[in-house]
Amino acid sequence: MEQFKLSYFIKTKTKILEIFILLLMFFSANSFSQTLEKDTLVFGSDNNFPPYEFLDNKGNPSGFNVDLIRAISEEMGFNVKIKLGIWSNIKYEFETQKTIDIVDLFYSKEREKIVDYAVPHEINYDELYVRKGEHSITSVEHLKGKRVAAQAGSTLIEYLISNYPEIIVVPVPSEPEALIQLSEGKCDAAIVSQIIAHHALKKYNIKNVVTISRPVLPRELSFAVLKGNDQLLKQINTGLFRLKENGKLDELREKWIEKEQKSWIAENIIPIGVILIIIIILISSWILALRYTIRKRTNEIQQEIEKREKTIKALYESEEKFKILYNKSPDMFVSVSPIDARILQCNETVLQKTGYLREEVIGNPVFKMYHDDCLEEVKKVFREFGKTGEVSENELIIKTKKGDKIYVSLNVSSVRDKTGEILFSIFSLRDLSIWKKLNSEARESHEMMLNTIENMTDGFVSLDKNWIYTYVNQRAAAMFGRKPEELVGKHIWTEFPEGVGQPFYNNYHKAVETREFISFEDYYSPWDRWFENNIVPTEDGLSIFFHDVTDRKKAVQALKESEQRFVAFMNNTSAIAWIKDENLAYVFLNKAYEEKFNISLETIKGKDDLSIFDKETALQLQKNDRLVLETNQLLETEEIIRDENGHVLHYLINKFSIQVEEGKTFVCGMAIDITDRKKTEHELKKYRENLSEMVQERTKELAQSQDALLNLVDDINEQSERIEKANQKLVEINAEMETFTYSVSHDLKAPLRGIDGYSKLLIDLYKKDLNEEAQEFLNNIRGGAKQMNHLIEDLLSYSHLERQDFQIKNVALQPLINDLIVLLSGEIKKSKVQIKTSLPKDFMLLADTNGLKLVIRNLLDNAIKFSSKSEKPEIEIGSSENSTHWLIFVKDNGIGFDMKYHDRIFKIFQRLHLPEEFEGTGIGLAMVEKAMRRMNGRIWAESEMNKGTCFYLEFKK
């Protein structure tokens, strides 16, 4: 069965390879034409690893991987020399002496630090073998304290040491040697590759060992080169692709691998069917998840379209407003061609003030507008305009159609294209006679405005173009804790340097650059307050109105958090829950309700029970709802509902009223499905009746014969045996679940590695053909794949923690901390953190060694990470005690957190910071809290924003 599973995975990988071959061949037929630095490359591997590589009867290298590397070398035009030997020696020559260029390796996270893997071309499984008659070992978990043979230098040994440190690993030169030593009684068990074992058992005629028939570790087999040898890696990958395309890879697999696999299919047809069913279920689950994602993305796109339509509408309205303002402006505007200085366009104000018709203005030279009395001044202004393309605040005289004078202030600005060439110039002419008249009124208005500004509740300041305060009202000064005269004439960022880099700073500069009004709300961390700002660009600088909205923001946040807690509670309860309005129409359904009755809130919102249930059921439900609305009292009752299939369901229901606003009351309900309980009660009643009859009958039989008593004892013994078998079955199921969890995790991680590898390959091969956006997309894909891989590993650790056997004993804390400091020395050196410990000499704790190590490591990881941005990062580890408990603390001077989020940090996936700010998956502290509970201890934290965090661990003495 496992042999078939292996074949299935290989064929799946082959399909993926075919797709990428087509893509790669489409993009470039010449991308692999580069030559290698060496004429002859050396391929090294194990001399006893059939059918992949081994020495034949004549001592010549043979096997699947040997033929495959030769075929690649022929396809890509380089020479290869085959060197087979003891694997540990080959590995040393490859990694240390560097006399071997290519090896074939099973994938492991540790090896990936020193080698680059080619695209996987095989997947193999390891199996656990024991001697016949050995019944105490049925899974890897039973190998604690046992001697287990495995090939030296293999990823299997790395896996066993990392995940099962209690196993005594016996390294041997080759995998067949592991089976030989097991057969001769030199070890308790052996773990070898499935296909290797099949060959070795036949070759060495080993008949006294058996497998427990459960895969231990699925492993991907790939060719590998040392880090940095990218050109050779590209040649190997390209060779694999071409061999797949021309069919040679399939021929080699048929020759060496698939002949062995086919015989297994006929022998294991029933297990194969089970595997296919499981695969179909997994694929169906994936399709459902994909449909949900597509539906969600479709909604997001629809919302984006609606937002863009609103933006376009707003732009259109803005353009219309601009046209109105342009034509109705009290200033005169004239657009002038840069080629011949003729007028292209003018606004209505020009026509009204001069008395000309539009056709009398358009097309004429702009000079004709000016009165003869100011022609010299006009020439001077236009000489300046010819140099800069701009004119500012020049007083001139224009003439009306009747010959009257109009004194104006001239401003000229130019509209340029991307190259800097002037498209047209805009002449702004302001009637100074009106301005002079208004100047007196403006003075009075200014005084009134100052009086208003000084008495309003908003803070107000004005800044000139050099960021100097020109005005500060009393309210603003009070918010700053200063007097107005202390700030006027001072530079804003000199007086408030902590504001540099804040959103306020950025928006002030943006308003100056864009000359646009900006209104925004943001948090000002130096004062721990929220402010609403309205920034108005002026000719002289900026006018800023602002007021403190902290209380409002807190109220809104509290309301939002309350709503989120309500929805989270409702969606995470197993009971179905709903809310109806005063007309008994649905306004809310929780997830349990939607799943139970196969409906969604979107489809039922605004409808009543008649849209879901049959008329009789709906009317009964509405009757109880109206009773709750009329009495405003809690109603506890049982209701009978028929589902869409006509099944009768019994529910225990609580209904109560909630007042959503004044004069409006809704009805809320929560229900628990008690159908099974009702059936159980009915069956229990029947059982009691039958039991009574059985007891009476049994009593008569006992009175008649003493043999009946012996039969009863036999029945009890038979029931005990059944219970014992059930318990044994439960142990086996748990063991199978462990293997299934690991296999599923591998199936999730293998595509991620493929995504990462192929993304890197696309960047390497087509970097010159891809624009920056495409490269960024590929880098984002790689980053996402790596983050998902970390998340899967953390989830596996979290799951394994629940099943892990904790042994509470005395553990020396100081040596454990010293080991962790050495392990984390790289991160400690990088972040320049100082770690101090103050623990009693020979200090011991009652704890599980691995559990305690997990707790301290995660706390040290967090302390290093969140104190890395401190000027002088420090971490302190210490202890205290009372009569019953030891208290251990881990303290840092990092960024800290708000204590209102204290309980949240120990929940899985709960993070207080964005992934862009600090790495992590949100699982570490959840594992710490679970480990402390498993060790009969507890954990809590004390923290203050920007001052650090202290975690406390309490252990019983």
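Strand S3 (residues 53-55) and strand S4 pair in the antiparallel sense over two bridges, where two strands count as paired if DSSP finds at least two bridges between them. The model is predicted: local features need pLDDT of at least 70, side-chain atom pairs count only at pLDDT 80 or more, and totals for chains, interfaces and linings use all residues. Residues are numbered from 1 along each chain as its sequence is written, and side-chain values use heavy atoms, leaving out hydrogens and water. Strands (E, at least two residues) and helices (H or I, at least four) are DSSP runs numbered from the N terminus.

Within S4, Pro61 is the bridge partner of Leu55. The pair belongs to an open sheet of three strands in the order S2-S3-S4, with antiparallel pairing. S2 (48-49) and S4 (61-62) are the edge strands, each with a single partner strand, so one side of each has no neighbour in the sheet.

Strand S13 (residues 332-336) also runs antiparallel to its partner, strand S14 (residues 343-346), and three bridges join them. Opposite Ser335 stands Gln345 in S14. The hairpin of S13 and S14 has six residues between the strands, and Ala341 takes a positive phi near 60 degrees there.

The helices come next. In helix H6 (residues 194-203), Gln194, Ile195, Ile196, Ala197 and Ala200 are buried, that is, under 20% relative accessible area with a 1.4 Å probe and protein chains only. Just after H6, Asn205 has a positive phi of about 50 degrees.

Helix H5 (residues 175-183) packs against H6 at an angle of about 55 degrees, with the axes 9 Å apart. Axes are lines fitted to C-alpha atoms, for helices over the stretch in contact, and angles run from 0 to 180 degrees between N-to-C directions. H5 is therefore oblique to H6; oblique covers angles left over once under 35 degrees is called roughly parallel, over 145 roughly antiparallel and 65 to 115 roughly perpendicular. Glu175, Pro176 and Leu179 of H5 meet Ile196, Ala197, Ala200 and Leu201 of H6, contact meaning heavy atoms within 4.5 Å.

Further along, helix H25 (residues 813-823) and helix H27 (residues 849-866) pack at about 50 degrees, with their axes 10 Å apart. These two helices are therefore oblique to each other as well. On the H25 side the contact is made by Leu813, Leu816, Ile817, Leu820 and Leu823, and on the H27 side by Thr849, Leu852, Lys853, Ile856, Arg857 and Leu860.

Notes:
Buried < 20%, exposed > 50% of the residue type's maximum accessible area, 1.4 Å probe, protein only.
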